[in-house]
Amino acid sequence: MADTQRLDKILSNSGFGTRKEIKQMVRVGQVTVDGRVVKDSSMHVNPYQNEVMVNGQKVEYREFVYLMMNKPAGVVSATWDNKFKTVVDLVPEAYRHFDVFPVGRLDRDTEGLLLLTNDGQLAHDLLSPKKHVPKTYYAKVDGKISQTDVEVFKKGVGLDDGYETLPAQLVILKSEEQSEIELTIVEGKFHQVKRMFEAVGKKVTYLQRITMGAVDLDRGLELGACRELTHRELDELKNIDNEL
Ligand code: URA
């Protein structure tokens with residue numbers, strides 16, 4: 001990262017308005033750098049070292065933000081869609097200027113843990129097939145789940161397109177006409193959980209992601225709500241190294 005950046009860029013990235021609006025704020029003397037009123041919004045400052053204030057309020061600069069969302073059903077994991085609401089539409093106003101995007105996808109009808117960030121490097125690392133980041137899902141499945149299914153999943157399942165999944169850990173919570181399970185997979189193929197159950201003749205009727213790496217879905221988050229990751233959660237995600 002460059003040590004210095006244009007003042008208008010820093011302020012717009014911090015949510016103080018468009019570059020044009022910021023130019024005006026600077027012109028009328030609302031912005032100080034290290035205690036001095038500045039008049040040139042294109043000046044370069046170091047946002048971590050110089051103290052920038054707007055109307056006497058200190059600008060706490062940061063480049064990246066990391067959010068955990070409890071994704072509800074009915075919204076798509078994308079930044080834009082011509083038909084459906086997106087997860088980005090649910091991001092609180094205070095985070096909008098960070099231009100976050102979802103880290104990977106959950107199906108429209110899947111609920112649960114979804115990370116959103118503007119840190120492209122972390123997103124890339126978490127989605128890298130080499131990293132084998134474990135993801136655990138809770139599901140309701142039509143039909144009884146047997147120990148045979150557990151063994152089949154442990155070896156890897158052949159999907160409809162011929163792909164053999166990596167070994168997956170299936171835990172049976174309830175085996176009845178409608179069963180409940182937890183499944184941990186270390187890859188993220190299209191509709192993977194649903195297709196793994198289809199491969200053993202069963203249908204997922206409800207799907208929720210509950211963990212990603214060492215990060216658990218915060219059960220205190222209502223559907224559609226988000227919160228920032230804690231330092232600890234972020235460190236854990238940054239340090240995932242599960243190369244097989
Ligand atoms: N597997 C699925 O089938 N759907 C998801 O949304 C996530 C994993």
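Modeller: Domain bounds come from an automatic or database domain assignment. In this predicted model, the protein chain is divided into domain 1 (5–58), domain 2 (66–129 + 215–243) and domain 3 (135–212).

Colleague: How many Å separate the centres of domain 2 and domain 3, and how many residues does each give to the contact?

Modeller: Taken over C-alpha atoms, the centres of domain 2 and domain 3 are 22 Å apart. With heavy atoms within 4.5 Å as the criterion, the contact draws 17 residues from domain 2 and 11 residues from domain 3.

Colleague: What area do domain 2 and domain 3 bury between them, and which three residues of domain 2 supply more of its share than any other three?

Modeller: The two domains bury about 1,200 Å² between them, with 44% of this area on carbon and sulfur atoms. On the side of domain 2, D107, E111 and L113 account for 35% of the area buried against domain 3, more than any other three residues.

Colleague: Why is the meeting of the K194 and D109 side chains called a salt bridge?

Modeller: The N to O distance is 2.7 Å. The cut-off is 4 Å between a side-chain nitrogen of Lys or Arg and a carboxyl oxygen of Asp or Glu, and the pair therefore qualifies. Side chains of opposite charge can pair when their charged atoms come close. The rule finds 2 salt bridges across the interface of domain 2 and domain 3.

Colleague: How many residue pairs are in polar contact there, and which elements give two or more residues to the side of domain 2?

Modeller: Across that interface, 9 residue pairs are in polar contact. The elements in question are β9 (111–117) and β14 (215–216), of which β9 gives the most, with 5 residues. By class, this side of domain 2 has 9 nonpolar, 3 polar and 5 charged residues.

Colleague: What makes β2 and β3 a pair of strands, and why do β3 and β6 stand at the edges?

Modeller: The order of the open sheet of 4 strands is β3-β2-β5-β6, with antiparallel pairing. Both β3 (36–37) and β6 (57–58) have a single partner strand, so one side of each lacks a neighbour in the sheet. Pairing requires at least two bridges; β2 (residues 31–33) and β3 are joined by 2, and they therefore pair. V33 stands opposite R36 in β3.

Colleague: How many salt bridges are found in the whole structure, and which parts does the D149 and K202 pair tie together?

Modeller: The search finds 13 salt bridges. In the one between D149 and K202, the closest N and O atoms are 2.7 Å apart. D149 lies in helix α4 (residues 147–155) and K202 in the loop between α5 (192–199) and β13 (203–212), so parts 53 residues apart in sequence are tied together.

How values were computed
Residues numbered from 1 in each chain as written. Predicted model: local features only at pLDDT ≥ 70, side-chain atom pairs only at ≥ 80, totals over all residues. Heavy atoms only, no water. Buried area = accessible area lost by both parts, 1.4 Å probe. Polar contact = N/O pair within 3.5 Å; in protein donor to acceptor, adjacent residues only side chain to side chain. Nonpolar A, V, L, I, M, F, W, Y, C, P; charged D, E, K, R; others polar.
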